[in-house]
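Dear colleague,

I am passing on the structure we spoke about, with the sequence alongside. Please look through it first; my notes on what was found follow below.

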Amino acid sequence: MAGLGAASLLAGWRPRLEGAVPEPLGHPSLAPFVEAARDDLMSMDMRGVSEIPVSPYDTFRLLHHPQRDYKGLENYPMRWERRQEMDWALFTDVPPGGLWNGVPRNQLTLSPAHWMELSAYPLAQFYADQGKDQDPNDLIIKQDLVAYYHAVPEKLGLASRMNEGWTVSSITPGGSEDGPLFHLIATRVSDGVTKELSANFVIYAVGPRTIKRRLDVPGEFDQPYISRHYDHWDDYPGQRVMVVGGGRSADWAATELHDAGRDVTYVMRQPDERHLRLIGNSQHLPYYIRLQSILDGESRSIDARYETTVKSFEDGGRVVLQGDSGEDVVEVDHVIIEIGAQPDYELLKPWGELSLFEGRDDYRLQVPQLKVHDHSFESIDIPGLYPAGYLAENLGISVLGMHATCFPIVADIERKIASRG
Ligand SMILES: Cc1cc2nc3c(=O)[nH]c(=O)nc-3n(C[C@H](O)[C@H](O)[C@H](O)COP(=O)(O)OP(=O)(O)OC[C@H]3O[C@@H](n4cnc5c(N)ncnc54)[C@H](O)[C@@H]3O)c2cc1C
């Protein structure tokens with residue numbers, strides 16, 4: 001997702017400011033920076049802005065969305081035109097949209113649809129292009145969101161430089177002082193064919209969920225009744241289903257399976273007050289209203305097991321649990337493990353130990369993030385490498401924020417290329 005946002009800027013799409021400086025950016029210390037760059041917002045003095053101190057990413061977040069609600073296409077302060085394209089390529093193992101390709105089929109977003117958009121192609125424009133009568137202020141369902149991301153490359157003319165179905169399998173320092181900074185190997189997922197590349201800059205947008213977490217208990221990978229991913233309730237056979245997790249993905253699975261008539265055992269490490277707080281804080285979302293009402297004692301509820309861990313998965317669907325009051329064995333037809341994932345920093349190993357920051361946000365996602373320079377989002381450890389999306393220090397989960405980091409990143413790259421002549 002963040003990679004796609006960066007790609008649109010690398011491809012030459014540039015915003016200018018239409019009308020007055022938006023009110024949230026109107027502070028006398030900030031507004032002159034925005035005003036001075038009105039014809040090419042990415043030429044803004046990002047270092048000056050970061051010394052105010054305001055994060056350039058916050059500045060672009062507010063330029064994209066000066067207010068919470070969508071107010072019509074004509075009210076966006078940023079207007080777009082295509083200028084000169086840079087020499088770029090994007091490699092991704094899955095189709096555009098990143099992790100959204102893999103979230104449950106009917107999953108609704110946490111935020112309004114238009115917060116999930118890339119600014120060069122507003123979601124309202126996509127709805128209009130598709131003849132869809134949908135409100136960008138509403139939540140958006142996974143299928144529609146992914147359809148939007150899949151439409152972006154064609155709409156913005158990015159497709160020819162996108163290498164879909166390729167994994168970047170190695171990144172190493174370039175070697176010579178005046179040569180390219182990075183040497184990369186990409187491997188085609190379908191047949192293992194490789195290609196080698198060199199680059200002066202790498203935007204590292206591998207996402208927060210590249211390596212799935214493990215329970216590390218017996219049977220986790222060899223019992224046939226276990227799925228490590230949830231898509232839709234009718235994918236899983238049997239009446240008795242256990243969900244292991246406790247975050248938003250597991251909440252979604254437990255709620256949907258319950259409403260499909262299954263008997264759900266929901267196993268979580270966390271204490272009940274922590275889970276109930278998340279549910280209580282999420283009552284603006286229809287699926288959390290539903291989960292609350294299920295747990296609030298409908299006659300047929302979810303069997304929620306708090307402060308409980310799995311000890312082992314035995315033959316015949318027998319799951320051994322360890323709770324406060326000792327061991328318990330539950331018999332099930334199917335188990336779904338949704339315990340989250342971590343970003344993959346293995347590719348950066350050649351640079352030694354990285355300066356990491358323990359990122360957490362209001363939505364309870366935790367991710368180790370790379371420390372960056374405030375004005376450019378360039379890694380403080382690896383010159384020329386820019387963590388994008390949720391991987392950059394202090395970024396929250398929202399697409400709105402991660403998309404906004406792409407502006408200072410690409411502006412910094414552009415400036416460095418220009419200064420080298
Ligand atoms: C269930 C869920 C609900 C969410 N709801 C919201 C919401 O409502 N609002 C909101 O703003 N945000 C939401 N988010 C957060 C946000 O949408 C995601 O975190 C966002 O998609 C992350 O974007 P990204 O570009 O950092 O990573 P990703 O979308 O994960 O993209 C990274 C891509 O890189 C690929 N990749 C990784 N390694 C390699 C490699 N070596 N070579 C090639 N490709 C590689 C990955 O397969 C992945 O496709 C949600 C997240 C989740 C999990």
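The protein is divided into two parts, with domain 1 made up of residues 1-211 together with 341-421, and domain 2 running over residues 214-339. Please bear in mind that this is a predicted model. Taken over C-alpha atoms, the centres of domain 1 and domain 2 are separated by 34 Å.

Where the two domains meet, 15 residues of domain 1 are in contact with 22 residues of domain 2, and the area buried between them is about 1,400 Å², to which carbon and sulfur atoms contribute 46%. The rule finds 7 residue pairs in polar contact across this interface, both residues being at pLDDT 80 or more, while the count of salt bridges between domain 1 and domain 2 is 2. On the side of domain 1 that touches domain 2, the largest share, 3 residues, comes from strand 4 (residues 108-112). A salt bridge also joins the side chains of R105 and D231, with 3.3 Å from N to O.

The other point concerns helix 8, which spans residues 272-281 and whose buried residues are H275, L278 and I279. These residues lie on the same side of helix 8, because they cover an arc of only 100° around the axis. As for what covers the buried residues of helix 8, the list includes helix 7 (248-259), strand 14 (263-268) and helix 9 (286-295).

With best wishes

Notes: Residues numbered from 1 in each chain as written. Predicted model: local features only at pLDDT ≥ 70, side-chain atom pairs only at ≥ 80, totals over all residues. Heavy atoms only, no water. Buried < 20%, exposed > 50% of the residue type's maximum accessible area, 1.4 Å probe, protein only. Helix = DSSP H or I, 4+ residues; strand = E, 2+ residues; numbered from the N terminus. Arc of directions from axis to C-beta. Contact = heavy atoms within 4.5 Å. Domains from an automatic or database assignment. Buried area = accessible area lost by both parts, 1.4 Å probe. Salt bridge = Lys/Arg side-chain N within 4 Å of Asp/Glu carboxyl O. Polar contact = N/O pair within 3.5 Å; in protein donor to acceptor, adjacent residues only side chain to side chain.
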